[in-house]
Amino acid sequence: MSALGVVGGVVQPVLIVAGSPLLVGVMRQVRARLEGRAGAGVGQPWRDLRKLLRKERIAPRGTSEVFRFAPLVLVATTLVVAVVVPFVATESALDPVADLFAVVALLALGAVALALAGLDTGTAFGGMGASREMTILALVEPTLLVAIFALSVRVGSTNLGTIVSSTLQDPARVISPVSLLAAVALVVVIVAETGRIPVDNPSTHLELTMVHEAMVLEYAGPDLALVELASAMRLSVFLGLLANLFAPWGIATEATPLAVLIGVLALMVKVGVLGGLLAAAEVFVAKLRLFRVPELLAGSFLLALLAVAASFFLA
Amino acid sequence: MNLAATGMAAAVAIGLMTALIAALLPARPALIGTGTALTGAAAVAAGAAALAGGSFSVVLPDVLPLSGVSLTLDPLGALFVAVTGGVAVAAGIYSVSYADTADLRARGVQTALPVFVVAMVLVPAAANVGTLLVCWELMALASLVLVVAEHRRGPRVASAGRWYAVMTHLGFVSVLIGLMVFVAQAPDDSFTALREAGRQLSPAVAGVVFVLTLAGFASKAGIVPLHAWLPRAHPEAPSHVSALMSAAMVNLGVYGVVRVGVDLLGGGPAWWWLLVLALGAVSAVYGILQAAMSSDLKRLLGLSTTENMGLVLIGVGAAGLFASSGDHALAALALTAALLHLVGHAAFKTVLFLAAGSVLHATGTRDLDALGGLRPVMPVTTAAFGVGALAASALPPGTAFVSEWLLLQALIHGLPAGGVAAAIAMPVAVAAVALTAGLAVATFVKAFGVGFLAKPRSDAVVDAHESPLTMLAGMGVAAVVCVVLALWPAGILPAVQAAAGGVAVSGDVILRLDQVTGALSPLLLALGLVAAVVVVAGVVRTAAVRRVRRTARLWDCGGGPMSARMEYTATSFAEPLQRVFDDVVQPELDVDVSHHQESRYLVQAVEYRRKVPDRIERRLYQPVLRLIAAWGRAGRGLAPGSVHRYLGYGFYAVCGVLILLAVTR
Amino acid sequence: MLSLWRKIRRTGRVAEPAPPLPDGERPERAAVLGGSVQIRHVDAGSCNGCEVEIGSAFGPVHDGERYGARLVASPRHADVLLVTGVVTRNMAEPLRRTFDAVPAPKLVVAVGDCARDCGVFAGAYGVAGAVRDVVPVDVEIPGCPPRPEAIVEGLRKLTGR
């Protein structure tokens, strides 16, 4: 465990926890402006969380520990990912966990916890949300892993630190067809995993169209705060991962205050820009019907396979 | 006599003694269960001792005619002996109370259980073809008796037994022919002689031997398209037998492929292993897809066995492929991943089947659509099933996560190693593993979430009760093994690598790949998760103002109370997946709308039936069955019941033989 | 897509400048909410006139969201119930249950004359009463239907922004 790793392991989770509600705020603000509205301000998600922490906890009748622990597990998995993935510093506090497969599996574990909580309530909407979330997860997994495959073949490792460092040393790789195809595939996957339009609409009120929201309809107060925080964190983590896999510049490679500061700023700028772009793009597309989503995911899977083929035949 | 030999002798002796007691004395499930568990424990000791370096061999020429019995424990066999023994320990303890029903107290059934275990322990220890085949057949017959043990329950049990009997014997015939062709090229039927001969076989003969034995062994492992018996026999068998079959017996199919393909034939051309890889990939995806659609808990688990054996075969195939292109380090890694997955599968499938049996015991149903709400009434069973489901769904911290991680590492690093064949096979294999992993998550969320959480969906669950102590103990043993394997895979890795015949992974807390870069620490990951949960819980506790939880009614949109009929069922949970994979599974939908007599605009009742048939089975087996039935009908015309006609047949047959003799002399 | 982009550029911002914060007493419990008010709308028997106005209060022109108010899908997520219409007999119990489902601290806003004092439906056979007869009301917004500005003003009393 190096000094840089420890610094990264402390700075990153703090940054992700503090920054991800702001990211959601920025994205809502971008959307509001494009719709001609004034918007509630960037800090609004934080105000929401503060308020939720002051509210009452509710245990719906008939729910078990699964329902109570799911928000904790959801945040914890994302927190571990925030600690280990090289967002600010190239070295990881827990290097043997900073593996792409492990990170993907950890994020999936969070989704599973929430799906079980949705089923645990025994309501029709909870079960419906869980069923849809799991269907999408099952279809996203192949694309995600094959895209990772394409990215890690050129480096010979699935360790995130190694991938990021090697891109830093050889920037030309970023504009290779492998990277571009994999990037497009990953973007689609991230949209699906974080429940954004066109796969899911985070601000829908219509239960029948819900995916993520349907699972959390029973949560209130601090539990809901955890769920909302976790979904914001997942979004930042995915966008940060995307940014640093393809454009790791600015990331700290040594444990000096200046380098870490630059790393923090670079991450904020990159994730902010990606989030803004995502929010702007959402204004232009409508939500897909649930059963059109597999077609979208199949398309991205094809791109990921092409990326692997390219990585072999163009190497 | 070293520990391994003592252990094997003890296992066989205790097992046969138990069988003898069961056959002669009135039924005593406690005694038989204990005997079976002790047999398993002795087998574990023997396997562990042999893996630690104390291999042994013994030849008893007089026990069997022809070449006699010849046993040996090398690391590969010892791993399977130990795994089988471990499963037998859990199943034996479990059966003490589970097998205490009228059907299972039958003398034949009680006798077959220890015989089944002894046969399974002897198969991987066999050192010549004669012993292997005899034990293989003994295993098949004993398990057949156990599968049909509860035949009074309904015609489905008998049908499952028929399917199993026919398929396992067709597989046996295939293995028999393959090994006979092989033995014909060698001086005798001992594995030592075959190993020598295997190096000098012509490619054509070696190919025939491999394909024939592969077909036989794959049918035992439940590999698509020879899986048809598995989703029938595993659900209908008593649950401890399901566990033994699903966690121990199917493994021996993989053992056969590795023993014959890698050991005796000494590896082979790339196409063999591409074939194995393809079979594995198809089985993994098809198995889990069918499992995801299934709403019968035990059928789901049985289909998941097909999936996991598919994953193991992907590893075996990749290992053979790498070995055929000369990359023995990667081959060792792939085989290690495959065998580790096999061991993990044995552990979690034991837990899952035993827990399913516990549910069946308490509620009398295994239909997920009728279950739910078991957590308050059966907390231990629910916890055990949860541990097993986590382990099975390739999520951290679970056993399958570690083995699938190793498998993916092998596949990723195999892309540059293996040429164009690998360039096509590896991405497809990764995609298959990934799709399998994703569907497995959905499947086990369904099994656990619908089966155990939420509210009861039928009265059967309301009256449910927790199972007796011995059943819980059986589950508990297997669940503890699951957890240990998940957090401390390094504890079993030396044994697995000894069996795989090469060291590819080292380290204890942190697993490091030796030849390629890659490291993973399941223990640190789990600790990190626990630490994060504690931190988050602490922060929320301090930050939250109101600490008391108010119990409130479920949000039912303000309407009347929600009934269990409004809950999502297993069928509805799987509906989106079923729609997505419509073209693959081709479900049969049947909607009947009946109208009132006065007006056809008034609907009286709507009946909706959905069935997800096994498409491969329909395409592959039904035509064959129809053909056989047609032959049978045609043959019936030859037997009208007239004695004159039958005497005539005899006369013509004698004439025919005489003519044949005259011509050939 | 391009035409949509041109439309966005041409239209620009349509939200009207925010009027000054209304004075008048704020419910005490609203201070805990700290500028974030999640709203669950309940139609207890409205003619849908108020709904149209609520819709436009959260539309681009009045933009209720900029003051920290947001409509949500479940009473569990809500701080405030926005009740419209007279409470009909069939909706009295659901309204009570919805109120019960909201985690404390919670407030109720009665929107429109019907919600305040039954309006033109007073005394009708299907009417159980005004909102305050069923659940405690904290803020009332008069009008038939109330203007969007009035709704926004009522909500700003809760958000304090």
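**Note on chain C: cysteines and sheet**

1. C:C144 is exposed, with a relative accessible area of 59%, where exposed means over 50%, buried under 20% and partly exposed in between (1.4 Å probe, protein chains only). This is a predicted model, in which local features need pLDDT of at least 70 and side-chain atom pairs count only at pLDDT 80 or more, while totals for chains, interfaces and linings use all residues. Side-chain values use heavy atoms, without hydrogens and water, residues are numbered from 1 along each chain as its sequence is written, and chains are lettered from A and ligands numbered from 1 in the order in which they are written.

2. C:C118, by contrast in wording, counts as buried at 10% relative accessibility. The sulfur of C:C118 lies 8.0 Å from the closest cysteine sulfur, that of C:C114, which is too far for a bond, a disulfide being a pair of cysteine sulfur atoms within 2.5 Å. C:C144 is likewise in no disulfide, its nearest cysteine sulfur, in C:C114, being 5.3 Å away, and over all chains the structure holds 0 disulfides.

3. In chain C, 5 strands make up an open sheet with parallel pairing, in the order β2-β1-β3-β5-β7; strands (E, at least two residues) and helices (H or I, at least four) are DSSP runs numbered from the N terminus, and two strands pair if DSSP finds at least two bridges between them. The edge strands of chain C, each pairing on one side only, are β2 (69–71) and β7 (139–141).

4. Strand β1 (residues 37–43) of chain C runs parallel to β2(C) and is joined to it by 3 bridges; C:Q38 has C:R70 in β2(C) as its bridge partner.
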